[in-house]
Amino acid sequence: MHAPGPADRAVTRRTRSGVDLPSPYDLSSQLHSLAERIHNAADELPLTDSVHSGTDNLLDAFDDSTREIAGLVTHFTTSAAFAARAVRRGRDPEAGITRRTVTQLTHTVGALGHALADLGEAVAHAGVLHQLTASPRSTQRNQDIESTRALLHVRIDSARGRLHASGARLRQAADRLTAPPAPPRSPRVNATNPVTPPSAAPSRTR
């Protein structure tokens, strides 16, 4: 789902509108690949159990993670824009599938943006830790380090959770692209007893 390359042109269909679009199976495969990249980015985040007061290695890890996630945001946005241009006027079934793909890409960008915001907060807390570790030892310093580290853990865990959740949603969306259509629903049968028409009222005689 990157900006057009050989893999994007490998399997396409020419629609009635004359636009070459990737097949559903090709789109599904690409979304699965992107979902895997998101899960990998989550796994590369620092483990909270390994976060100590020292921040040099931690900031290096955040440098790699923020670059990866920001790159995914750009990648997904570019892919969504490219696919949207291809189906601007198409009304074929393939165009409908591509539109759903665009929707999934843009929703994922939103989730990645929230994860990146969490990671930005984590970087800010790491900066505070960096300052605290250089300050004179005291009871207050130790308390500040522990509270800041706790906030850092929350942000790392939140970013990791958001990434894994968005990757799982994207994988499910990829599976739905190639799922067989649901069978038509049979008409509902009214199980109530038939209403007996009222009998004619007997005529009155005087």
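I call a helix crossing left-handed if the near helix is turned anticlockwise from the far one by less than a right angle, and right-handed if clockwise.

**Entry 1, ground rules.** I am working on a predicted model, where local features need pLDDT of at least 70, side-chain atom pairs count only at pLDDT 80 or more, and totals for chains, interfaces and linings use all residues. I number residues from 1 along each chain as its sequence is written, and side-chain values use heavy atoms, with hydrogens and water left out.

I listed the elements, taking helices (H or I, at least four residues) and strands (E, at least two) as DSSP runs numbered from the N terminus. There are four helices and two strands, in the order β-β-α-α-α-α from the N terminus on. Of the 206 residues, 34% are buried; buried means under 20% relative accessible area, exposed over 50%, and partly exposed in between (1.4 Å probe, protein chains only). I then looked at contacts (heavy atoms within 4.5 Å). Among those with a separation of 6 or more, 77% join residues 24 or more positions apart.

The buried residues of helix 1 include Leu31, Leu34, Ala35 and Ile38.

I took axes as lines fitted to C-alpha atoms, for helices over the stretch in contact, with angles from 0 to 180 degrees between N-to-C directions. The two axes come within 8 Å and cross at roughly 165 degrees. Helix 1 and helix 4 are therefore roughly antiparallel (under 35 degrees is roughly parallel, over 145 roughly antiparallel, 65 to 115 roughly perpendicular, the rest oblique). Their crossing is left-handed.

I define a nonpolar core as a set of buried Ala, Val, Leu, Ile, Met, Phe, Trp, Tyr and Cys residues joined through side-chain atoms within 4.5 Å. The largest one has 34 residues, and Leu31, Ile38, Phe62, Phe76, Leu152, Leu163 and Leu170 touch the most other members. Helix 1, helix 2 (56-86), helix 3 (93-132) and helix 4 (139-177) each supply at least two residues. Helix 3 gives the most, eleven. Leaving out residues up to four places away in sequence, I found Leu170 touching Leu31, Leu34, Ala35, Ile38, Phe76, Gln104 and Thr108.

Glu146 lies in helix 4 and is partly exposed, at 47% relative accessible area.
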